Amino acid sequence: MQLNESHERYWQKNLNITAMLLAIWFVVTFVVAYFARELSFTFFGWPFSFWMGAQGALAIYVVIIVYYAMYMGRLDEEHGVAEEMED
Amino acid sequence: MAGLAGDSGGGNAFDAKSMSAFKSGLNRIYTFYTGGFLAFVIVLAILEQMGLSRSWIGFVFLLATIGLYAGIGIMSRTTDASEYYVAGRRVPALYNGMATGADWMSAASFIGMAGTLYLTGYGGLAFIMGWTGGYCLVALFLAPYLRKFGQFTIPDFLGARYEGNLPRTLGILAAILCSFTYVVAQIYGVGLITTRLTGVQFEIGIFLGLAGILVCSFLGGMRAVTWTQVAQYIILIVAYMIPVVWLSVKQTSVPIPQVVYGFQLEKVTEKEKALREDPKEKEVVAIFKAQADALGEKLKDVKGSLEKDRADASKKLEDLKAANAPAEQIAAAEKALSAVPKDEAEAKTAWTKAKAAAEARAKPLAGMPAHAQIYAGDPNGDQKAKDTYDTSRRNFLALIFCLMVGTAALPHILMRYYTTPSVREARASVGWSLFFIFLLYFTAPALAVLVKYEVFHVLVGTPFDKLPAWIANWSKVDPALLSVVDINKDGILQLGEMRIGGDIVVLATPEIAGLPYVISGLVAAGGLAAALSTADGLLLTIANALSHDLYYKMIDPNASTGRRVAISKALLLVVALAAAYVAAQKPADILFLVSAAFSFAAAAFFPALVLGVFWKRANKWGASLGMIAGLGVTFYYMVTTQPWLRGIFGVTSPIELWWGIQPISAGVFGVPLGFAVIIIVSLLTAAPGRDVQELVEHVRYPNLKGDTLNTQIN
């Protein structure tokens with residue numbers, strides 16, 4: 001089995017998007033929590049960093065996963081590696 | 001439920017048409033089921049109004065839900081390997097998401113988490129973030145690739161990718177280690193809830209629950225477990241939401257608690273300031289302080305104090321007898337005498353414990369931190385305050401890390417992504433899983449704040465004879481969960497006079513909100529569903545690791561499918577009984593064991609699995625040594641720092657924390673070490689062969705033309 005250039009590009013793009021989403025995940029989790037004291041301005045009643053820990057970060061996690069699923073689904077088709085439904 | 005029991009001789013060869021018919025069948029069944037369940041609750045509510053007793057409501061809930069799970073188990077019974085191990089690989093993303101949600105959310109999530117948040121405020125959010133953010137790692141690093149690999153278990157992947165039985169064996173050992181500690185905690189939870197619900201003995205409760213678990217996983221394996229978990233998810237989410245929404249309407253007249261509790265939090269924070277300055281609260285704190293000091297004095301001369309205590313108690317008894325006092329006073333004095341510690345060692349432990357308890361309560365706000373306070377200490381204060389702040393923050397971050405990486409490495413969760421029809425569905429399925437988990441997890445902090453508001457504004461300041469009935473009811477069930485004592489004898493409840501256990505917050509919410517008892521029954525049934533669904537998934541993981549990986553792959557590769565499934569079922573029975581036996585001993589520190597499972601899973605599996613997909617050069621020796629090193633250092637750190645484990649292993653050297661990290665987050669050392677060892681050892685030894693390179697390429701692409709490798713086993 002020989003990988004062609006399109007395959008290599010597919011994997012590279014996958015690595016890029018994975019790294020990007022992981023960076024977002026890291027920021028909303030660890031960077032926000034690290035500076036939680038500094039980020040505790042009031043946000044609809046919550047201190048902002050409290051709200052991030054209780055709701056904001058969670059919602060962003062869901063968005064990260066859904067975006068990745070959609071992005072990769074499209075990438076699969078563009079590079080001809082999508083699964084065919086078997087008959 | 002014909003769709004669920006549909007006979008597919010194995011194989012995932014579904015055309016699009018039959019798949020969509022299957023999906024719409026599922027939609028119909030579960031819509032019907034949800035409606036039926038709500039109708040059932042309404043009928044019970046009407047019966048309660050007509051005079052059905054509380055214990056009957058408890059029994060009806062217990063029998064109806066366990067009967068339902070058993071029914072699904074019987075309808076989905078199977079002996080086909082693909083059906084038994086991976087539910088025929090045709091679980092649509094949405095339903096796999098629900099099943100994973102139920103599989104994931106254990107008794108700890110359902111019952112314990114809101115309580116932890118109530119007691120610790122911001123600090124408890126580490127669990128909320130840790131147990132959801134881990135799914136990002138599952139989605140980005142593991143689920144799609146494991147689905148493409150497409151076998152049955154996690155050790156399967158280790159065995160194939162790292163060429164041999166050594167990595168596979170390590171995988172089996174680690175899978176059993178984390179899953180078994182976890183399943184013991186679930187069965188313990190099942191026993192606890194069954195006891196509450198019906199009043200039967202704890203041990204009987206355990207075995208009743210066990211019957212519910214077994215009839216399902218035993219008959220139908222993954223197929224039965226999957227469809228039961230979907231049903232269990234629906235029950236547990238309905239049960240969690242109703243009381244919170246009601247409480248929110250009662251307090252704010254807005255039915256969406258997640259949106260409005262920020263304002264309740266503001267009011268709680270204001271009240272906290274007032275309570276800190278309240279003279280009556282200070283009085284209670286001073287009394288506890290005095291108690292702690294008195295115990296401290298006694299501990300200075302254990303022998304003398306013990307003799308004095310004994311002499312005082314027996315003198316009092318004799319005086320009472322001499323004065324012909326009423327029988328109950330004499331009985332009380334006799335009890336007091338027999339409660340005096342027998343020897344010095346016992347006195348020392350008992351008094352140290354009592355001193356710690358009094359000290360814990362000799363603090364403002366009953367020892368709880370202010371709810372919205374972020375980290376202890378102060379970054380701008382003196383050196384000590386600075387250190388406290390840094391350590392507190394470091395531990396918060398370390399705990400999030402361990403819980404996240406642990407989530408992405410627990411075999412019973414990863415196994416679920418083998419059951420979807422395709423790679424594409426596996427990716428979507430992680431999204432659905434997190435969405436369904438999110439629904440409960442973003443409600444828990446709201447519940448904690450609303451209950452705190454109720455306690456601060458309604459309970460505190462109430463005269464003791466006017467306290468609501470639920471307080472007396474719950475103190476009777478278990479004083480460790482809730483106890484109120486008028487410490488300063490002013491006849492009014494102060495916050496410091498109330499001791500509340502975390503587990504009560506969810507269980508008592510219906511009563512706090514003034515809902516009928518049927519909702520309390522519903523909440524208990526929800527907790528039961530959470531514990532049973534997780535136990536099912538875990539038992540299956542252990543039984544499969546033994547029957548599939550150990551027996552079929554290593555001992556007898558020629559075993560027939562029927563024989564493998566039969567062996568798995570037998571092992572399931574043995575493991576379940578062993579776990580029930582351990583749970584019946586009521587082992588101490590069960591919560592610690594659950595958290596330990598996360599650190600173990602994180603250190604053992606995560607580096608080897610991720611590098612297995614993303615780094616072709618990782619080889620057998622790197623992975624094996626990396627797993628051993630990661631697990632080893634995690635285990636070593638826990639054994640030398642955690643008091644209960646130190647006792648078991650007889651460690652007496654002084655506790656040395658590394659960078660002040662608590663033992664619960666030991667994985668924070670194991671995971672990086674695991675990665676480092678795999679990389680270094682792999683580079684020092686020979687690269688893996690051509691077939692491994694092909695396997696890695698095979699799992700990286702959902703569909704490769706000309707790919708001759710076929711790992712899919714039906």
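Visitor: What share of the 87 residues of chain A counts as buried?

Guide: 49%. Buried means under 20% relative accessible area, exposed means over 50%, and partly exposed lies in between, with a 1.4 Å probe and protein chains only. The model is predicted: local features need pLDDT of at least 70, side-chain atom pairs count only at pLDDT 80 or more, and totals for chains, interfaces and linings use all residues. Residues are numbered from 1 along each chain as its sequence is written, chains are lettered from A and ligands numbered from 1 in the order written, and side-chain values use heavy atoms, without hydrogens or water.

Visitor: How many helices and strands are there in chain A?

Guide: Two helices and two strands. From the N terminus the order is α-β-β-α. Helices (H or I, at least four residues) and strands (E, at least two) are DSSP runs, numbered from the N terminus.

Visitor: What radius of gyration does chain A have, against a compact globule of 87 residues?

Guide: Chain A has 18 Å, but the globule would have one near 12 Å. The radius is taken over C-alpha atoms, and the globule rule is 2.2 Å times the number of residues to the power 0.38. The C-alpha box of chain A is roughly 55 × 30 × 15 Å along the principal axes.

Visitor: Why does the radius of gyration of chain B agree with a compact globule?

Guide: For 714 residues the rule gives a value near 27 Å, and chain B has 28 Å, so the two agree. The C-alpha trace of chain B spans about 95 × 65 × 50 Å along its principal axes. Chain B has 28 helices and two strands, and 58% of its residues count as buried.

Visitor: Why is B:W432 called partly exposed?

Guide: Its relative accessible area is 35%, so B:W432 falls in the middle class. B:F435, at 31%, is also partly exposed. Both lie in helix α18 (residues 423-441) of chain B, three residues apart, about one turn.

Visitor: Which residues do ring pairs link into a cluster?

Guide: A:W11, B:F141, B:Y145, B:F606, B:F614 and B:F675.

Visitor: How do you know that the charged end of B:K452 sits over the ring of B:Y118?

Guide: The charged end lies 5.4 Å from the ring centre. The test asks for NZ of Lys or CZ of Arg within 6 Å of the ring centre and within 35 degrees of the ring normal. B:R564 also lies over a ring face, that of B:Y552, at 3.7 Å from the centre.

Visitor: What volume does the largest pocket have?

Guide: About 1,600 Å³. On a 1 Å grid over the protein atoms alone, a pocket is an open set of points where a 1.4 Å probe fits, with protein on both sides within 12 Å along at least five of seven lines; lining residues have an atom within 4 Å of a point. The lining has 45 residues, with B:I111, B:G112, B:L481, B:G502 and B:D503 nearest the pocket centre.

Visitor: Which helix supplies the largest share of that lining?

Guide: α6(B), with nine residues.

How values were computed:
Grid points are joined across faces, edges and corners, and a volume is the space filled by probe spheres set on the points. Rings of Phe, Tyr and Trp (its six-membered ring) pair if their centres lie within 6.5 Å; planes under 30 degrees apart count as stacked, over 60 as edge-to-face and the rest as tilted.
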